[in-house]
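Subject: Handing over the structure

Hi,

Have a look at it first, then read on.

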Amino acid sequence: MIKYATPAGNKEIKINLEEFLKLYKEKKAVLLDIRMPFEKKVWEIKFAIDIPANELEENFDKLPKDKIIVTACPGNNRSPFAALFLKEKGYDARYLEEGLLELMKKLKGGEAKKFLES
């Protein structure tokens, strides 16, 4: 785990918005929304897998092993830790570098419709 605390190692576990969106469209990646239930009351992300960070340890085995798991929270405070946990469990896991707030900005209005229809 220490390897990922360095700038070089950290690059291995992060993914930017554009790369994630491309891999998602290609069905090579899934989004794991690790927000807490009270955070999800504000907005829902229907195309994401929903496992709160505090329940990940008991539920990680529900995730697909054949796809890249991209963990995400509003910023990127918790998602790197979730990605590290999943990496240690044998998953190809990364965290969304810009976070969910930037993803929602990117997918606002017609962009969301185009993204989900493709």
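How many bridges join strand β1 to β5? Two, and β1 (residues 14–15) and β5 run parallel. One thing to know before the rest: this is a predicted model, so to speak of local features we need pLDDT of at least 70, side-chain atom pairs count only at pLDDT 80 or more, and totals for chains, interfaces and linings use all residues. Residues are numbered from 1 along each chain as its sequence is written, and side-chain values use heavy atoms, with hydrogens and water left out.

**The sheet**

Helices (H or I, at least four residues) and strands (E, at least two) are DSSP runs, numbered from the N terminus. Two strands pair if DSSP finds at least two bridges between them. On that basis there is an open sheet of five strands, in the order β1-β5-β4-β2-β3, with parallel pairing. β1 and β3 stand at the edges with a single partner strand each, so one side of each has no neighbour in the sheet.

Going through some of the pairings: K14 stands opposite Y95 in β5. Three bridges join β4 to β5, and I69 has A93 in β5 as its bridge partner. β2 and β4 are joined by five bridges and run parallel; here L31 is partnered with V70 in β4. There is also a right-handed β-α-β unit, made by β4, α5 and β5. Right-handed is meant like this: with the strands pointing away from the viewer, the path from the first strand over the helix to the second runs clockwise.

**D33**

D33 lies in strand β2 (residues 29–33). Is D33 buried or exposed? Its relative accessibility is 2%, so D33 counts as buried (buried is under 20% relative accessible area, exposed over 50%, partly exposed in between, with a 1.4 Å probe and protein chains only). Leaving aside neighbours within four places in sequence, D33 is in contact (heavy atoms within 4.5 Å) with residues including K40, I45, D50, A72 and L100. The side chain of D33 also makes a polar contact with the side chain of R35, at 2.7 Å. A polar contact is a pair of N or O atoms within 3.5 Å; within protein, one must be able to donate a hydrogen and the other to accept it, and residues adjacent in sequence count only if both atoms are side-chain atoms.

R35 turns up again at a ring: its charged end sits over W43, 4.5 Å from the ring centre. That label needs NZ of Lys or CZ of Arg within 6 Å of the ring centre and within 35 degrees of the ring normal.

**The rings**

The whole structure has four aromatic pairs. Rings of Phe, Tyr and Trp (its six-membered ring) pair if their centres lie within 6.5 Å; planes under 30 degrees apart count as stacked, over 60 as edge-to-face and the rest as tilted. One of the pairs is Y24 with F47, edge-to-face at 5.3 Å centre to centre and 65° between the planes. Y24 is in helix α2 (residues 17–25) and F47 is in the loop between α3 (37–40) and β3 (49–50), 23 residues apart. Y24 counts as partly exposed at 21%, F47 as buried at 19%. F20, Y24 and F47 form one aromatic cluster.

What about Y91? At 6% relative accessibility, Y91 counts as buried, and the charged end of K65 sits over its ring, 4.2 Å from the centre.

Cheers
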